[in-house]
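Here's a quick look at one loop and the core beside it in the discussion below. Have the model open as you read.

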Amino acid sequence: MAKDYLQLALAYFNTDKGQWYAWEKEDNNGDKIPNSERMQYQHIKIIKEGATMPSEADVNAKIQELKDAETQKANDKASGKAKLKELGLTDAQIEALIGVK
């Protein structure tokens, strides 16, 4: 299952409000928004008083930050494994130490 970066990013805004948003179920014309299309920035509705809507640019920047951090973590893991191999550790020893094949 793919990560839902939009919801992960939204969790970083209005952190003092708990679950501050929900997804619109109908568009401005009163037509039902299909579930497969609801979880998009334009369908966010604020459900907690005092919460503010982050700009789409801020949300997109947070999404990119999360993706970049995930990529960096994967790169660091691969780099660390390579360095351990250079030191002469076997794959079995590396896996025993850090759980990485």
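## A buried asparagine

In this predicted model, N14 has a relative accessibility of 14%, so with the cut-off at under 20% this residue counts as buried. As for where N14 sits, that's the loop running from α1 (5-10) to β1 (21-23).

What does N14 touch, once neighbours within four places in sequence are set aside? The list is W20, A51, T52 and P54. With T52 there's a polar pairing too: a polar atom of the N14 side chain is 2.6 Å from the T52 backbone oxygen.

## T15, out in the open

T15 belongs to the loop between α1 and β1 as well, but its relative accessibility is 61%, which is over 50% and therefore makes T15 exposed.

## The largest nonpolar core

Which residues touch the most other members of the largest nonpolar core? Those are L10, W20, I44 and V59, out of 14 residues in that core. At least two core residues come from each of α1, β1 and α3 (56-86), and α1 gives the largest share, with 4 residues.

Take V59: leaving out residues up to four places away in sequence, V59 touches L6, A9, L10, F13, Y41 and P54.

Methods: Residues are numbered from 1 along each chain as its sequence is written. This is a predicted model: local features need pLDDT of at least 70, side-chain atom pairs count only at pLDDT 80 or more; totals for chains, interfaces and linings use all residues. Side-chain values use heavy atoms; hydrogens and water are left out. Buried means under 20% relative accessible area, exposed over 50%, partly exposed in between (1.4 Å probe, protein chains only). A polar contact is a pair of N or O atoms within 3.5 Å; within protein, one must be able to donate a hydrogen and the other to accept it, and residues adjacent in sequence count only if both atoms are side-chain atoms. Contact means heavy atoms within 4.5 Å. A nonpolar core is a set of buried Ala, Val, Leu, Ile, Met, Phe, Trp, Tyr and Cys residues joined through side-chain atoms within 4.5 Å.
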